[in-house]
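Student: I have a model open and want to learn how to read it. Can we go through the pockets, cavities, helices and backbone in turn?

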Amino acid sequence: MALRLDGKQLAAELEERLSKEIAAGTAQAGRPPGLAVLRVGDDPASGVYVANKEKACARIGVASYGSHLPQDSTQQEVLDAIAALNADSRVDGILLQLPLPAGLDEGPLLAAIDPDKDADGLHTLNLGRLLKGEPGPRSCTPAGVMALLARHQLSLEGKRAVVVGRSILVGQPMALMLQAANATVTVAHSRTTDLAAVTRQADVLVVAAGKPRMIGAEHVSPGAVVVDVGIHRLPPPADAPEGTKAKLCGDVRSEELSEIALALSPVPGGVGPMTVTMLLVNTVVAWSRRHGIDHGLADLVV
Ligand code: NDP
C-alpha cells in the first residue's frame, strides 16, 4: 500500500511551528506579521480561497489586511491598492488573488508588488532568484511539494524526476526546485509525445497538468513517488440523488496506483493545504527578516 503523503497533517504541524515563531518574535517586532490578500471582483471560487487563507492567518496569529475591490476596478485602481500595501509597514506579505476580471492585465499588477512582500513568490525577480539559487520567497505550491517530500524523508538526490506541466505557477518552479535538490528533471507538457514512456522513467512524478484523472497505472513504474497537484470539482452524475455533493479529484487516478507507487499524495488533503501553509511561511519569514528576528524555519526556505 502506497505511503500517504498527508499534506493536511503536515500543514497542521507547520501551523503550530509558525504560531510559536510568531509568539516568540512579536515582542521584538512590536507587531504580528501581516498578510494582505487583494481580491478584485466576484469570482466565487476566489471567495472561498481568500476566506481559507484568512482563516489560516487567524489560526496562527497573522494579521489580515485584505481588501476587496469591485469587479469594474480599473488597472490604475488596482495598482494604487498595491502601492498602498507596499507602503503599509504592517504588511509583510501581499497576495493578488487570481484570476482577475477580464480587462485587467495581471503581469504588470504582479510586477508592481514589492518583491520582498511577494507572498506568492511569483514576482519576476523572485522567479529569477529561484533560477539563480538566491534567497527569496518561493512559489507556494512547488515549495509545499518539496516540504511534503522532505517530511517523508523521500530523498531527491540523484533521482529521476518528471514534472507534467510547465506553467509559471507550478510546473516551471517545481522543476527548478527539484533540480536544486539534485534530481535529474524532465518537464513534460501538452506537446510531449508518448507521455507514458516519459513518466514511467520517473522515480518522482509530479503531476500538474490540470486534467482530471489523466495519469494512471500505465504512466507509473513500480516504486515511484507520485505527487498529484491537480484539483478538480467533478459535478455529480445526472442520475445521482438530489443534494449529492460535487466530488474533488486530482490529475491522478489514485485508486490504480495504491499497489504500484511507493508514496502518493491524496486529493484533497495533499498539496492543497501545503500551498496555503507556504503562503504563511513566506509571510512569517518576511516579517522575521524585516525585524532581524532569528527564525527557525530554515528547513522550509532557501
Ligand atoms: P495550467 O493550465 O496553467 O498548466 C497546465 C500545464 O499542463 C501546461 O503546461 C500544459 O502544457 C500541461 N498539460 C496540459 N494537458 C496536458 C497533457 N495532456 N499532457 C501533458 N501536459 C499537459 O495549470 P496550473 O499549472 O496552474 O495548474 C495545474 C493544476 O494544478 C490545476 O488542476 C490546478 O487547479 C492545480 N493547482 C493546484 C494547487 C493546489 O494548491 N493544490 C495550486 C495551483 C494549481 P502546455 O504548456 O503545453 O499547454
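Tutor: Start inside. R138, A143, M278, V281, N282, L300 and V301 line the largest cavity. Keep in mind that this is a predicted model.

Student: How much space lies in the largest cavity?

Tutor: About 40 Å³.

Student: Which element gives the most to the lining of the largest cavity?

Tutor: Helix α9, with three residues. By class, the lining of the largest cavity has five nonpolar residues, one polar and one charged.

Student: How many cavities of 30 Å³ or more are there?

Tutor: The count is two. The second largest cavity holds about 30 Å³ of space. Its lining is I94, L95, L96, L110, I113, D118 and D120. Strand β5 supplies the largest share, three residues. Five of the lining residues are nonpolar, none is polar and two are charged.

Student: I113 is on that list. Is I113 buried or exposed?

Tutor: Apply the cut-off: buried means under 20% relative accessible area. I113 has 3%, so I113 is buried. I113 sits in the loop between α4 (106-112) and α5 (124-132). For scale, the C-alpha atoms of I113 and P237 are 43 Å apart in space, and the two residues are 124 apart in sequence.

Student: Now the pockets. What is the volume of the largest pocket?

Tutor: About 1600 Å³. The lining of the largest pocket counts 50 residues. Nearest the centre lie Y49, I231, G272, T275 and V276.

Student: Which elements each supply at least two residues of that lining?

Tutor: Helices α1 (7-29), α2 (44-60), α6 (140-151) and α9 (271-290), with strands β5 (93-96) and β10 (232-234). Helix α2 gives the most, eight residues. By class, the lining of the largest pocket has 26 nonpolar, 13 polar and 11 charged residues.

Student: How is the chain divided into domains?

Tutor: Into domain 1 (26-115) and domain 2 (140-271). Their C-alpha centres lie 29 Å apart. Then ask what each domain gives to a site. The lining of the largest pocket draws at least three residues from each of the two domains.

Student: What is the volume of the second largest pocket?

Tutor: About 470 Å³. The second largest pocket is lined by 20 residues, and M146, D299, L300, V301 and V302 are the closest to its centre. Elements α1, α6 and α7 (171-180) each give two or more residues to this lining. Helix α6 gives the most, with five. The classes here are 14 nonpolar, one polar and five charged.

Student: How do I read a helix, say α3?

Tutor: Check the length. The 13 residues of α3 (residues 75-87), at 1.5 Å a residue, should span 18 Å. The end C-alpha atoms are 19 Å apart, which agrees.

Student: Which residues of α3 are buried?

Tutor: V78, A81, I82 and L85. Seen down the axis of α3, the buried residues fall within an arc of 95°, so they line one face of the helix. The general idea is simple. An α-helix has 3.6 residues a turn, so residues three or four places apart point the same way.

Student: Last, the backbone. Where are the cis peptide bonds?

Tutor: Look for omega near 0°. The bond from L98 to P99 is cis, and P99 lies in the loop between β5 and α4. The bond from V267 to P268 is also cis. P268 is in the loop between β12 (263-264) and α9.

Student: Which residues other than glycine have a positive phi?

Tutor: Q153 is one of them, with phi near 50°. Q153 lies in the loop between α6 and β6 (160-164) and, at 71% relative accessibility, counts as exposed. N182 has a positive phi of about 70°. N182 is in the loop between α7 and β7 (184-188). At 43% relative accessibility, N182 counts as partly exposed.

Key. Residues numbered from 1 in each chain as written. Predicted model: local features only at pLDDT ≥ 70, side-chain atom pairs only at ≥ 80, totals over all residues. Heavy atoms only, no water. 1 Å grid on protein atoms, 1.4 Å probe; cavity = no way out; pocket = protein on both sides within 12 Å on 5 of 7 lines; lining within 4 Å. Points joined across faces, edges and corners; volume = space filled by probe spheres on them. Helix = DSSP H or I, 4+ residues; strand = E, 2+ residues; numbered from the N terminus. Nonpolar A, V, L, I, M, F, W, Y, C, P; charged D, E, K, R; others polar. Domains from an automatic or database assignment. Expected span 1.5 Å × (residues − 1). Buried < 20%, exposed > 50% of the residue type's maximum accessible area, 1.4 Å probe, protein only. Arc of directions from axis to C-beta.
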